[in-house]
Amino acid sequence: TPEEKLAEAERLKAEAGEKVKAGNFKGATSTYARALAYATGLHGASSALSSQYGSMMGVAPSPDTALDAAQEGRASELVTTVNANLSLCYLKIGKPDRALKFAEKVLEGEAPAEGDGAGPLSTLGVKAAVRAAQACRELGQLDRARALLTRAAKSHTKADKLGRDIRKQLSATRAAAKAAEASFGAGLSFGGKAFGGDDAGIGGGGGGGSGGGSGGS
């Protein structure tokens with residue numbers, strides 16, 4: 001029944017949480033994936049993802065299963081939480097590309113940063129943004145990491161542990177971005193001196209463009 005499948009998804013989520021506490025992030029990833037296969041099948045949030053995990057974990061999701069309003073709410077919340085936790089686990093086991101994918105799924109359900117319906121991130125959304133930013137840093141996407149952390153900082157203004165961590169990461173990301181821009185500019189300048197002529201002009205223009213981009217942030 002839908003209730004039995006939902007209860008099993010919640011049980012698996014709790015089991016995965018215990019594995020996280022024990023530092024078994026690889027094992028937790030597998031268990032969270034099984035929970036997600038059940039939950040997405042019930043919630044209908046992502047039939048493709050549900051089928052993917054269902055085939056991997058031996059779970060038969062039921063995307064057409066009817067849920068009442070309370071069950072739908074539980075399934076939706078479970079999907080979002082498990083996506084966030086999978087993002088954390090994939091960061092811990094050195095798979096930033098997968099971590100980014102699951103963090104983005106959480107952020108898809110948040111209010112947009114601008115335009116119609118714009119608003120701050122929820123607490124879970126803030127955590128997802130921080131994890132997405134960490135993944136972006138590891139993937140060399142510093143500008144995107146900086147944008148994610150900036151939004152997280154605007155959404156979470158408390159001076160608690162999470163707030164301090166956001167601002168620490170934002171400061172480090174800005175420094176890394178500036179260092180990368182400086183290194184890139186130095187490389188262009190060196191190329192100009194080595195080859196002379198027009199290359200020197202290209203180097204100067206590139207350096208100015210990078211500086212403008214940094215200032216815009």
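Predicted model: local features only at pLDDT ≥ 70, side-chain atom pairs only at ≥ 80, totals over all residues.

Modeller: A crossing of two helices is called left-handed if the near helix is turned anticlockwise from the far one by less than a right angle, and right-handed if clockwise.

Consider helix 7 to begin with, which spans residues 142-155. Its crossing with helix 6 is left-handed. The axes of helix 6 and helix 7 come within 8 Å, at an angle of roughly 160°. Angles over 145 degrees count as roughly antiparallel, and helix 6 and helix 7 are therefore roughly antiparallel to each other. On the side of helix 6, the contact is made by V126, A129, V130, A132, A133, C136 and R137. Helix 7 contributes L142, R144, A145, L148, L149, A152 and S155. By class, the residues of this contact are eleven nonpolar, one polar and two charged.

Helix 5, residues 96-108, is the next neighbour to consider. The axes of helix 5 and helix 6 come within 8 Å and cross at roughly 150°, and these two helices are therefore roughly antiparallel to each other. Helix 5 also passes helix 6 in a left-handed crossing. From helix 5, the residues P96, A99, L100, A103, V106 and L107 meet L124, G125, A128, A129, A132, A135, C136 and E138 of helix 6. Twelve of the residues in this contact are nonpolar, one is polar and one is charged.

Helix 4 covers residues 69-92, and helix 6 itself covers residues 123-138. Their axes come within 10 Å and cross at roughly 30°. Angles under 35 degrees count as roughly parallel, and helix 4 and helix 6 are therefore roughly parallel to each other. Helix 4 passes helix 6 in a left-handed crossing. In helix 4, the residues T80, T81, A84, N85, S87, L88 and L91 meet L124, R131, Q134, A135 and E138 in helix 6. This contact divides into five nonpolar, five polar and two charged residues.

Helix 6 also takes part in a pocket. The largest pocket has a volume of about 260 Å³. Its lining consists of L88, L91, K92, K127, V130, R131, Q134, K161, L162, D165 and Q169. Helix 4, helix 6 and helix 8 (161-195) are the elements that give two or more residues to this lining. The lining comprises four nonpolar, two polar and five charged residues.

Terms used. Residues numbered from 1 in each chain as written. Heavy atoms only, no water. Axes fitted to C-alpha atoms, helices over the stretch in contact; angles between N-to-C directions. Helix = DSSP H or I, 4+ residues; strand = E, 2+ residues; numbered from the N terminus. Parallel < 35°, antiparallel > 145°, perpendicular 65-115°, else oblique. Contact = heavy atoms within 4.5 Å. Nonpolar A, V, L, I, M, F, W, Y, C, P; charged D, E, K, R; others polar. 1 Å grid on protein atoms, 1.4 Å probe; cavity = no way out; pocket = protein on both sides within 12 Å on 5 of 7 lines; lining within 4 Å. Points joined across faces, edges and corners; volume = space filled by probe spheres on them.
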